[in-house]
Amino acid sequence: MTTVSDRPISSAHSSPRSLHTVPTATQRDSIVRLQQVTKVYTNGSRALENVNLQVRRGDFLFVTGPSGSGKSTLLKLLYGAERPTQGQVQVHDTNLCDLRGDRLSMLRRRIGVVFQDYKLIPRRTVAENVAFVLQAQGYARREIQRRLLPTLKMVGLQDKAERFPDQLSGGEQQRVSIARAIVSTPPILLADEPTGNLDADNSWQVIKILKKLNAVGITVIITTHDDRLVRMSNNPVVQLRNGRLFHVK
Ligand SMILES: Nc1ncnc2c1ncn2[C@@H]1O[C@H](COP(=O)(O)OP(=O)(O)OP(=O)(O)O)[C@@H](O)[C@H]1O
Ligand SMILES: [Mg+2]
């Protein structure tokens, strides 16, 4: 299990490449694996149909597909917000289908999640929104202080730490939500349409930040329906259509 002292976040942020040397064969093993996963919601909606997917440590994967094709459902299965109707979902070598309660919470601490609608706490400042995650996980105050500034720098918000969410642009709010997702240094980052509400410039800023995180070894899975982002990227892409998954590149 990752502990607070596992990864020196300050050095990761000040010198991204220093954290990771060339990955060994084992490190490149799969970190996420879906085997024959079908998800049918209780109302009968068929969201995923026999999906097989393997994501290796350090990958940056785009999941595309039209509205209703199952992108959010796929991510929800990965952080245990939904359970598959059939099949296996493995993250960090753990089968999520078997996890409940504390063990599920512990696994979730190793998965950062970014939502399209940011989900920031309105009456807390940027710094408090980000620190809140660590407080909830029982980090000591000094450790929280140690992590806060490098994380805000990473997303370019070091000068806006004392602002409230409604005093920020949409792009800035999304970057707070990225900071919140990564401040506990999870090895995996899931981003569900993180650019969905942003203009082209802000979308690129978000993608650049996610790529920087990927460069320090974080596995990134991002859903988007923005074909431009996908075309301009040289990362692997899978597409969902009516709950079925296709490898595009
Ligand atoms: N909680 C739910 N209960 C019932 N059906 C659901 C639920 N969540 C999603 N669905 C259905 O499952 C299918 C896939 O939905 P999902 O939200 O995964 O799609 P999506 O690709 O993320 O779409 P969008 O691009 O609009 O966000 C849709 O038909 C949707 O109506
Ligand atoms: Mg969605």
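## Exercises on a predicted model

**Exercise 1.** In this predicted model, find how many residues surround ligand 1 and which are the closest.

*Solution.* Step 1: the shell around ligand 1 has 13 residues. Step 2: the closest of these are Y41, A47, S67, S72 and T73. Step 3: sorted by class, the shell has two nonpolar residues, ten polar residues and one charged residue. Step 4: helix α2, residues 71-78, gives the largest share of the shell, namely three residues.

**Exercise 2.** Describe how strands β1 and β2 are joined, and what lies between them.

*Solution.* Step 1: β1 covers residues 30-40 and β2 covers residues 46-56. Step 2: the two strands run antiparallel and are joined by seven bridges. Step 3: as one example of facing residues, V40 stands opposite R46 in β2. Step 4: β1 and β2 form a hairpin, with five residues between them. Step 5: in the turn, G44 has a positive phi of about 95°.

**Exercise 3.** Give the order of the strands in the open sheet, then state which strands stand at its edges and why one side of each has no neighbour there.

*Solution.* Step 1: the sheet has four strands, ordered β2-β1-β4-β5, with antiparallel pairing. Step 2: β2 and β5 (94-95) are at the edges; each has a single partner strand, so one side of each is left without a neighbour in the sheet. Step 3: for β5, two bridges join it to β4 (residues 86-91), and Q90 has N95 in β5 as its bridge partner. Step 4: helix α2 packs on the sheet and touches β1, β2 and β4. The direction of α2 makes about 120° with that of β1.

**Exercise 4.** Find the size of the largest nonpolar core and the residues with the most contacts inside it.

*Solution.* Step 1: this core has 58 residues. Step 2: those with the most contacts inside it are L78, V130, A179, L189, L190 and V220. Step 3: take L78 and leave aside its neighbours within four places in sequence; its contacts are then V32, V89, V91 and L190.

**Exercise 5.** Decide whether R175 is buried or exposed, and list what it touches.

*Solution.* Step 1: R175 is located in helix α6, residues 170-182. Step 2: a residue is buried if 20 or more other C-beta atoms lie within 10 Å of its own. Step 3: R175 counts as buried because it has 26 C-beta neighbours inside 10 Å. Step 4: not counting residues up to four places away in sequence, R175 touches V155, G156, L157 and I209. Step 5: R175 and V155 are 20 residues apart in sequence, while their C-alpha atoms are 5.8 Å apart in space.

Conventions
Residues are numbered from 1 along each chain as its sequence is written. Chains are lettered from A and ligands numbered from 1 in the order in which they are written. This is a predicted model: local features need pLDDT of at least 70, side-chain atom pairs count only at pLDDT 80 or more; totals for chains, interfaces and linings use all residues. A residue is near a molecule or strand if its C-beta atom, placed from the backbone, lies within 6 Å of it. Ala, Val, Leu, Ile, Met, Phe, Trp, Tyr, Cys and Pro count as nonpolar, Asp, Glu, Lys and Arg as charged, and the others, Gly among them, as polar. A nonpolar core is a set of buried Ala, Val, Leu, Ile, Met, Phe, Trp, Tyr and Cys residues joined through C-beta atoms within 7 Å. A residue is buried if 20 or more other C-beta atoms lie within 10 Å of its own, exposed if 12 or fewer, and partly exposed in between; C-beta atoms are placed from the backbone. Two residues are in contact if their C-beta atoms, placed from the backbone, lie within 7 Å. Two strands pair if DSSP finds at least two bridges between them. Axes are lines fitted to C-alpha atoms, for helices over the stretch in contact, and angles run from 0 to 180 degrees between N-to-C directions.
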